[in-house]
Amino acid sequence: MRPKVILITGANGEVGHGLIQRLHAMKDQPPVVVLDIRGLDEHMQPLVDTTIVGDILDENLLDTLMSEYEIDMIFHLAALLSTHSEFRPTSAHRVNVQGTINLLQLAEEQARWRGKAVKFIFPSSIAVYGMPDLDTKAQVPPLTENEYTMPTTIYGCNKLYCEHLGRYYTRHYRQLATTPEPFGVDFRCVRFPGLISALTLPTGGTSDYAPEMLHAAAKGEPYQSFVRPDSVIPFMAMPDAIKALLTLAHAPREQLTQLVYNVTSFSLTAEEIAGMVQQAFPNAQIDYAPTPGRQNIVDTWPREIDDSAARRDWGWLPEYDAERAFFRYLIPTIQQRYRST
Ligand code: AKB
């Protein structure tokens, strides 16, 4: 018998680390198998059952996973983030789209073998939106899932398309088969705002100015923001991001009226973030040297998103507003982190 497991791809990223820690603390979870091209940091390894160093584009590796495990749930976190993706759009497409379709196919085959749907949990992003100009961005109310989905980055295009792939695999896969089978992929997607973790720095994102500002201040280093002080997008503290993934993963299917849900916590300008950071680190040196390219990307992302569908369908409620995120989680945790290194 193949052991029943949870698979996490891209497990060595900031979301992966948080998710692994939370799953480890939960009772009655299947063993966790992680897959990451960079392996898994040593301090995380005791928290998982199996670490596989490998590429989601390696079909032989996915075949091996297929034959060795009964995969109950997939958290497909592996992705190239927005800034990195702009420099390598075809690689971004391969990793972000081909990688996702490989995993969806794996989920579909797994479901067929075990006669039961496989949950596929997918983090999407506010990068799927594309505000046409700053006036519109300032004036529109918080965006629901289907408004202004006209991304200007390859990463945003990749994420939006993968949302559609998830819908296709869940609702329409094999629609022309003579003997339609029950669909096997149970795709569930959260659209995240910019995430801020006290423990890890993201690599290659465009919302990274917020975590970078904070980590630089905690390390006593000066920071130059690559966006203007008035730049505003929604953010979320990492514990809430993990909570969102796990709550959606465990929500009863019949309560879910859509496959893609916005989630958000608070919206702040870069200047407001700097203000919070300077309250905790009065010597922090933060100034602004906006780079036009990355600034343009942030300007196309919405000021606020509407997460009322998630609140209604699966009881989503963030635990950290801006005040709590900075003064109860980010700052104390980060102070401790840099004190002990
Ligand atoms: C990025 O900046 O690429 C990500 C995102 C907003 O999805 N943090």
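Where does the ligand sit? In this predicted model, the ligand sits in the largest pocket. The views below take you there and then on to a pair of rings.

**View 1. The residues around the ligand in the largest pocket**. Here you can pick out Leu81, Ser82, Ser125 and Tyr155 around the ligand, together with Gly205, Thr206, Ser207 and Trp301. Sorted by class, this shell holds five polar residues and three nonpolar ones, and no charged residues.

View 2. On its own, the ligand has 250 Å² of accessible area, and the protein covers 92% of that.

**View 3. The aromatic pair of Phe122 and Phe187**. Searching the whole structure turns up 11 aromatic pairs, and one of them is shown here. The ring centres of Phe122 and Phe187 are 5.8 Å apart with their planes at 35°, so this pair counts as tilted. Phe122 belongs to strand β5 (residues 118–125) and Phe187 to strand β6 (residues 185–192), so the pair ties together parts that are 65 residues apart in sequence.

Key. Residues are numbered from 1 along each chain as its sequence is written. This is a predicted model: local features need pLDDT of at least 70, side-chain atom pairs count only at pLDDT 80 or more; totals for chains, interfaces and linings use all residues. Side-chain values use heavy atoms; hydrogens and water are left out. A residue is near a molecule or strand if one of its heavy atoms lies within 4 Å of it. Accessible areas come from the Shrake-Rupley method with a 1.4 Å probe; for residues, only the protein chains shown count as cover. On a 1 Å grid over the protein atoms alone, a cavity is a set of points where a 1.4 Å probe fits but cannot get out, and a pocket is an open set with protein on both sides within 12 Å along at least five of seven lines; lining residues have an atom within 4 Å of a point. A molecule sits in a cavity or pocket if more than half of its atoms lie within 2 Å of its grid points. Ala, Val, Leu, Ile, Met, Phe, Trp, Tyr, Cys and Pro count as nonpolar, Asp, Glu, Lys and Arg as charged, and the others, Gly among them, as polar. Rings of Phe, Tyr and Trp (its six-membered ring) pair if their centres lie within 6.5 Å; planes under 30 degrees apart count as stacked, over 60 as edge-to-face and the rest as tilted. Helices (H or I, at least four residues) and strands (E, at least two) are DSSP runs, numbered from the N terminus.
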